[in-house]
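Welcome! Please take a moment with the sequence and the 3D view below, and then let us walk through them together.

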Amino acid sequence: MAKLINGKQISAQLLEQVSVQVQQLKDNHGVTPGLAVVLVGEDPASQVYVRNKIHSAAEAGIRSVEHRLSADTSQAALDELIDKLNRDSEIHGILVQLPLPAHLNEDDVIAAIDPLKDVDGFHPLNSGALAAGQSGLVPCTPLGCMIMLQQTHGDLSGMTAVVIGRSNIVGKPMAALLLQANCTVTIAHSRTRDLADVCRQADIVIAAVGRAQLVTEDWIMPGATVIDVGINAIELDGRRKLVGDVDFNSVEPIAGAITPVPGGVGPMTIACLMKNTLSAARMQLSIPD
Ligand code: NDP
């Protein structure tokens with residue numbers, strides 16, 4: 001039976017650490033980190049994510065300001081808001097909840113955010129810094145996965161890792177972080193041949209695909225660590241249920257360690273957003289981490 005990597009528990013510890021450091025920032029520098037959360041439209045999943053982020057910000061002592069814009073908001077109006085937030089000295093982090101309505105250009109919106117306030121770590125300057133092994137704001141989901149991996153294994157040096165998925169927000173930054181931690185990294189995607197075979201060679205498998213229960217027991221080397229980033233809604237016995245990209249029931253008996261869905265990567269992502277907001281505030285005030 002695999003060790004369960006409890007994202008709920010680890011994220012609660014992380015949030016507690018962040019809230020202690022937020023209080024120190026208030027006490028020593030008179031500054032409360034501020035997070036602006038921008039939601040365009042009424043996507044139900046996005047509304048839940050935004051609610052959870054605002055709730056966690058309050059827990060960490062971070063001041064959050066929510067900006068809800070209608071689905072037909074123009075690119076110019078969104079740019080104007082971002083520009084205002086970039087210039088607001090009480091706002092240290094700006095998060096624009098994705099996906100945006102189709103008429104808006106996500107790349108342009110991300111590029112408009114001040115890289116020092118880019119708490120999602122999606123700005124090209126931050127992704128470039130990560131690829132170059134330089135300091136910057138790191139995307140929250142891969143950062144959360146790394147914290148879980150380091151808690152489980154300590155040093156990851158020399159381990160082989162397969163990341164399934166090559167998106168800019170999960171797969172690519174995940175691979176960069178694993179490389180920085182001295183893993184031997186393979187990035188797999190929809191064109192990868194013999195994907196099960198590729199995964200079976202790995203000490204660590206990260207599934208960030210968006211395909212319910214794609215990864216099954218025959219994909220996993222006995223004793224490997226499996227991190228399931230996927231969030232997929234399926235119908236089971238007439239009820240809606242959230243499952244990952246990993247078929248938990250078949251993989252869990254042979255893996256060495258595994259994250260559940262829900263209660264794995266999801267809560268870590270939100271806790272890392274708070275960690276990044278604190279880091280962003282410190283960077284803007286030139287206070288070392
Ligand atoms: P994207 O759709 O942007 O990327 C999916 C990737 O998976 C692509 O690189 C795609 O390959 C690859 N892929 C698709 N089908 C297959 C397949 N059959 N075999 C191998 N690779 C495949 O998704 P995201 O990276 O944004 O998200 C991935 C998952 O993680 C989703 O379920 C999302 O909901 C979840 N997520 C969870 C978060 C959390 O906090 N827990 C945060 C962010 C995302 P190609 O490039 O060739 O098309």
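P262 sits in the loop between β11 (257–258) and α10. Helices here are DSSP runs of H or I with at least four residues, strands are runs of E with at least two, and both are numbered from the N terminus. The peptide bond that joins V261 and P262 is cis, with omega at about -5°.

## How to read the model

This is a predicted model, in which local features need pLDDT of at least 70 and side-chain atom pairs count only at pLDDT 80 or more, while totals for chains, interfaces and linings use all residues. Residues are numbered from 1 along each chain as its sequence is written, and side-chain values use heavy atoms, with hydrogens and water left out.

## Around the ligand

Which residues come nearest to the ligand? They are R166, S167, S190, V229 and T269, out of 21 residues around the ligand (a residue counts as near if one of its heavy atoms lies within 4 Å). Helix α10 (residues 265–284) gives the largest share of this shell, with 3 residues. By type, the shell divides into 9 nonpolar, 10 polar and 2 charged residues. Here Ala, Val, Leu, Ile, Met, Phe, Trp, Tyr, Cys and Pro count as nonpolar, Asp, Glu, Lys and Arg as charged, and the others, Gly among them, as polar.

Some side chains come close enough for polar contacts, meaning pairs of N or O atoms within 3.5 Å. An N or O atom in the side chain of S190 is 2.5 Å from an oxygen atom of the ligand. For the side chain of S167, the distance from an N or O atom to a ligand oxygen is 2.6 Å, and for a polar side-chain atom of T269 it is 2.8 Å. Taken alone, the ligand exposes 920 Å², and the protein buries 71% of that (areas by the Shrake-Rupley method with a 1.4 Å probe).

## The sheet of six strands

An open sheet of 6 strands has the order β1-β11-β8-β7-β5-β6, with parallel pairing; two strands pair if DSSP finds at least two bridges between them. At its edges are β1 (3–4) and β6 (184–188), each pairing on one side only.

Strand β5 (residues 160–164) pairs with β6 over 5 bridges in the parallel sense, and V162 stands opposite T186 in β6. Helix α7 (residues 171–180) lies across β5, β6 and β7 (204–207), at about 170° to β5. Contact means heavy atoms within 4.5 Å, and angles run from 0 to 180 degrees between N-to-C directions of axes, which are lines fitted to C-alpha atoms, for helices over the stretch in contact. Further along, the loop between β6 and α8 (195–200) holds D194, which has a positive phi of about 50° although it is not a glycine.

## The sheet of three strands

Another open sheet has 3 strands in the order β3-β2-β4, paired in parallel. Its edge strands are β3 (63–69) and β4 (93–96), each pairing on one side only. Neighbouring strands of this sheet are turned by 15° against each other on average, direction ignored.

Strand β2 (residues 34–40) pairs with β3 over 7 bridges, and the bridge partner of V40 in β3 is L69. Helix α3 (residues 75–87) lies across β2, β3 and β4 and runs at about 175° to β2. In the loop between β4 and α4 (106–112) lies P99, and the peptide bond from L98 to P99 is cis, with omega near 0°.

Terms used. A polar contact is a pair of N or O atoms within 3.5 Å; within protein, one must be able to donate a hydrogen and the other to accept it, and residues adjacent in sequence count only if both atoms are side-chain atoms.
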